[in-house]
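Visitor: Please show me the model, and let us then discuss how its side-chain contacts are classified.

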Amino acid sequence: MTTHMHPDKIRTLFSQAMSDMYRAEVPQYGTLMELVRDVNDAALKENPALKSRLEAAGELDRLDVERHGAIRLGTAQELAAIRRMFAVMGMFPVSYYDLSVAGIPVHSTAFRPVEQASLQANPFRVFTSLLRLDLVEDRALAEKSEQILSKRQIVTDGAFALIDMAEKQGGLTEEQAHKFVQEALETFRWHRDATVDAQTYEQLVAAHRLIADVVSFKGPHINHLTPRTLDIDAVQAQMPSRGIAPKAVIEGPPRRKTDILLRQTSFKALDEEVLFQGVAGSHTARFGEIEQRGVALTPAGREFYDKALTQTRDAASKSGADNYTALLEAAFSALPDDLETLRQERLAFFRYRATDKTLASKAENLSELIASGALIADPQIYEDFLPVSAAGIFQSNLGAEDQSNYSASANQDAFEAALGTKVIDEMALYAQIEIDSLTAALAQLGQSHLC
Ligand code: OOG
Ligand code: NI
């Protein structure tokens, strides 16, 4: 019997290879990685309680390898091919994001690992968008774009052969896995030679900068790789001293004692020199981003988040954006800011584990078990994305002047038809991890009556 390399291991090889390639292509990414490492080291030193909590929850190791990337695809066939490629690395499509509401003609999913052990090994994710030419008003340009896209092949023949093999064999040998990673990398490489002439490029830019970015090139160049920091405010503050200019506001929830969901900020990285059929020009595609991740919220917690964010944005658009942070903090002040209350009010998702404390009797409830030290509830890290934040990241890197008014038109069915499968519901994943961990921990403590 041949042994296969575990998909988690293939994913780790791939994310490392992507990081090396991106660092060579975009030097500011290397600078950012150093800054994030310094800030994380300092945060762990200053906060030993955080360090031991992350360590005990088995989360300290993933921090150094943790990052996400993003790509933008042109056709249904491309999305289906990318789905098969990511599946080899144990990454599956989770959630549907409609960006048309924010004037961006794409809809998206995030490919990521879904099992607890795989997330812990390496949670590498790729935010993957599909261009929606159906939203483009200029039908002639949409058709021309479709034609241009129909001529490119973004996955190499070598990669396809290995994907076929992985699907047939149920995995790849170590040698095949290394070859696969090298072939897969080709899909995400930057190409200086555009596939279109300068005039076509300008036409596409006039329709939307994002359309030009997808249609004009040989493949879906990775457009950012985002490390995870433990203190995004510190990174944001220190960026200028390392020659990086971040966008004005951090997307997502405000700074709080207990981190929730996801906070992100980004910066424009490169004005790239491009050749349009031999004629020199330029294009901005690649940028930098950092993020801080906190606990995943239940549907009730998420509803609070969505409402508070909408309220903040409405108020800020009336009063001008300078007091945005104050408005944001005010809107979130009613949300409990400690883990145990979030847990008791079922606003956030947790993962339970038993300690080796023995109990003399049957407990009345979970809170009692937790208070006794027999049961520990670790916060589940939010592994997904936030559509309003994603829109803000798209917009700040495309240039704020480029906001078209597409009418909001989510089309999850069309997206899933292109993908060739349904996207996984993120809430179901967190709920499953919570219930599985609780069932196992209670059994271990002889407290199964509390299940
Ligand atoms: C993706 C932007 C969204 C995030 O982290 O929310 C994103 C893109 O610009 O292609 O990266
Ligand atoms: Ni991102």
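Visitor: Which residues form one aromatic cluster?

Guide: Phe 14, Phe 86, Phe 111, Phe 124 and Phe 188 form that cluster. This is a predicted model, in which local features need pLDDT of at least 70 and side-chain atom pairs count only at pLDDT 80 or more, while totals for chains, interfaces and linings use all residues. Residues are numbered from 1 along each chain as its sequence is written, and side-chain values use heavy atoms, with hydrogens and water left out.

Visitor: Why is Phe 14 called buried?

Guide: Buried means under 20% relative accessible area, exposed over 50%, and partly exposed in between (1.4 Å probe, protein chains only). Phe 14 has 0% relative accessibility and therefore counts as buried. Phe 188, also at 0%, is buried.

Visitor: Why is the pair of Phe 349 and Tyr 430 called stacked?

Guide: The ring centres of Phe 349 and Tyr 430 are 5.6 Å apart and the planes lie at 20°, so the pair is stacked. Phe 349 is in the loop between helix H15 (339–344) and strand E11 (350–354), and Tyr 430 is in helix H19 (residues 426–444), 81 residues apart. Phe 349 is buried at 5%, and Tyr 430 is buried at 2%. A search of the whole structure finds 16 aromatic pairs.

Visitor: How do you know that Arg 242 forms a salt bridge with Asp 38?

Guide: A salt bridge requires a side-chain nitrogen of Lys or Arg within 4 Å of a carboxyl oxygen of Asp or Glu. The closest N and O atoms of Arg 242 and Asp 38 are 2.9 Å apart, and the pair forms a salt bridge. Arg 242 lies in the loop between helix H12 (232–238) and strand E7 (262–268) and Asp 38 in helix H2 (residues 27–46), so the contact ties together parts that are 204 residues apart in sequence. Arg 242 is partly exposed at 30%, and Asp 38 is partly exposed at 40%. By this rule the count comes to 31 salt bridges.

Visitor: Are Glu 383 and Arg 62, which form a salt bridge, buried or exposed?

Guide: Both Glu 383 and Arg 62 are buried. Their closest N and O atoms are 2.9 Å apart.

Visitor: What makes the charged end of Arg 293 sit over the ring of Phe 385?

Guide: A charge sits over a ring if NZ of Lys or CZ of Arg is within 6 Å of the ring centre and within 35 degrees of the ring normal. The charged end of Arg 293 sits over the ring of Phe 385, 5.3 Å from its centre.

Terms used
Chains lettered and ligands numbered in written order. Helix = DSSP H or I, 4+ residues; strand = E, 2+ residues; numbered from the N terminus. Phe/Tyr/Trp six-rings, centres within 6.5 Å; stacked < 30°, edge-to-face > 60°.
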